[in-house]
Each structure stands twice: as structure tokens, then as C-alpha cells.
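Colleague: Could you walk me through this model? I'd like to hear what stands behind each label.

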Amino acid sequence: MTPDLLHAGAAARAAWESKNASGGREASRGRLLKFGEPDFAHGVALYLEDITVSFDGFKALNALTLSIDVGELRCIIGPNGAGKTTMMDCITGKTRPDSGTAFFGSNIDLLRLSEPDIAQIGVGRKFQKPTVYEQLSVFENLELALAADRRVRASLFSRLAADQQARIAEVLELIHLKDESRRSAGLLSHGQKQWLEIGMLLMQDPKLLLLDEPVAGMTDEETERTAELFLSLEGRHSLVVVEHDMKFVDQLTQGRKKVTVLHEGSVLAEGLLADVQRNEKVVEVYLGR
């Protein structure tokens, strides 16, 4: 999530709560949901059906249907122009499809929400290029991300409660930046900036994380640590990882997780990585290049 969306999400929270304060309740696994809260009782975090997007006659997405389970880590691969970025644009509200449906949980129609509202209900997005506040320290970046999730704040860097301090410390440990907490973000390596932005997303406890080529430009060691990070998040969050690095995909899937291959805006193949790599159509349009 970029800094501008952090601000937009914070501003949208009050409007969202005001708009939905008188809403009804829905049952989910025996508890009551607040109006606007996604219902994951059926085990599905994200469901796209027949999503079609055209740009000047070119179908970037062509009746795309895809579902992601709660707590699942799904890798999406495919050649350039396959529709991977457009898919994420539709999920986050940046692009409106020509047709189709997109649901977060069983009850939240993403196509009816604005981009800030979608960020507010628990969908976080990590773009290819890291976007952090380079003039601030690592700690302050995480604090700012936490502040964006507060309904009311007297000042940008008000005194943190003990649980907030603990949460920042937990995320610093998770993203391998504990020893860099007071360092200016602008002095971090490319890989460390990627981790920091992921940490900023985690501060807002997203239910679904969309990660676009997160290890591009990383060293082998940074890539391995990023795989460890994502695997540690599996189960607590649903993750969709768009990636070209097959070694990284192999590290994430561990021979047992589903991989989806997109081509020309549709699902070309889906299954375990080993099976996908043997698929003749996949080899022809992607892996064989």
C-alpha cells in the first residue's frame, strides 16, 4: 500500500464507519459481523467470476474466474501481458471491469467499493517498486502505518500504547529489520525497503495481501528470507503472490501448494508447480521462452 493510500484509507475510515454505523448484522461461525465486515465462514477469502476488462478493444482480462481460500498462499505466474496486474487492479478498485463479479468473503462486493474503502476492509497491496517514507526511520514508517489505522489521532506521532509498541516490535522482528529500526528508510537496501513496505501493510492487519513481484531486484539471501517471511504469514493472512522467479515460487509452494497460470487474461492452468511445469500449453506460452 503506497503512502497516499495510507492517508486515503485513514480518511475513509471515519466516512465508512459513519455510512455503515446503522447497518445490520450477519452470522459467521456463530458470531455477529459488523456491517461491512467480510464473512469468511465458507472458507473463501476472494472470489472472482467472469471478470472481463478491455482497453481499446484489447481484452486484458477475459472472463477470468479465480478463488482464493482463507489463509491460502497462492502464486500467480504467466507471461507479460497475461493480465496479472490488471487482475490486482480490479481487486483493489483501481480498475473497474466491464463485466463479472468480485467478492471479498461471501458478502462484500468489491465492485461497489472505492479504492480507499477496499484498503480499509482488509485488502493490502504491495507494488513492484517499494514506496516508503525515506526521510523517516524504519520505526517511524511502521508507526505511521499504524496511525493510518486509527480512527482519531491527536498528532501523527502521539505516544504509543504498550500493545502498539509490542506490535511494532513484533513486525520489526518479522521483517528482519529489528536492528535497523532507528535507521533512515532511505539508507536501506532495495530488499530491506521491500520488507519495510510489507511491514507497513502488516501493521494494518490485512486479511488479504496482494504482492506484485516482491523479490525483484533482491539478492539470493534476501529472496530466501522473503520466502521465510511469506510462509510465516500463511494461515494468518491470505496471500496472492505474482512472480516470475520460479525458484522463489518453488520455495513458497514447497511442492504442495496450488499455482495459477494466467495467459491472455484467463486461467490457462492450475495445480501443483510440478504439474504446471509439465503442462504443454504452459511450456509453450511461458516456461519454454
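Modeller: Let's start with Glu197, which sits in helix α6 (residues 190-202); helices here are DSSP runs of H or I with at least four residues, strands are E runs of at least two, and both are numbered from the N terminus. Mind that this is a predicted model, where local features need pLDDT of at least 70, side-chain atom pairs count only at pLDDT 80 or more, and totals for chains, interfaces and linings use all residues. Residues are numbered from 1 along each chain as its sequence is written, and side-chain values use heavy atoms, with hydrogens and water left out.

Colleague: Why is Glu197 called buried?

Modeller: Buried means under 20% relative accessible area, exposed means over 50%, and partly exposed is in between (1.4 Å probe, protein chains only). Glu197 has 0%, so it counts as buried.

Colleague: What makes the pairing of Glu197 and Lys126 side chains a polar contact?

Modeller: The cut-off is a pair of N or O atoms within 3.5 Å; within protein, one must be able to donate a hydrogen and the other to accept it, and residues adjacent in sequence count only if both atoms are side-chain atoms. The Glu197 and Lys126 side chains make their contact at 3.1 Å.

Colleague: How many aromatic pairs are there?

Modeller: Two. Rings of Phe, Tyr and Trp (its six-membered ring) pair if their centres lie within 6.5 Å; planes under 30 degrees apart are stacked, over 60 edge-to-face, and the rest tilted.

Colleague: Why is Phe40 with Phe104 called edge-to-face?

Modeller: Their centres are 5.4 Å apart and their planes stand at 75 degrees, so edge-to-face it is. Phe40 is in the loop between β2 (31-33) and β3 (44-55) while Phe104 is in strand β6 (residues 99-104), so the pair ties together parts 64 residues apart in sequence. Both Phe40 and Phe104 are buried.

Colleague: And what makes Phe230 with Phe248 edge-to-face?

Modeller: With 6.1 Å between ring centres and 65 degrees between planes, the pair is edge-to-face. Phe230 belongs to helix α7 (residues 220-233) and Phe248 to helix α8 (residues 246-253), 18 residues apart.

Colleague: Why does Cys90 count as buried?

Modeller: Its relative accessibility is 4%, so Cys90 is buried. Cys75, at 0%, is buried too.
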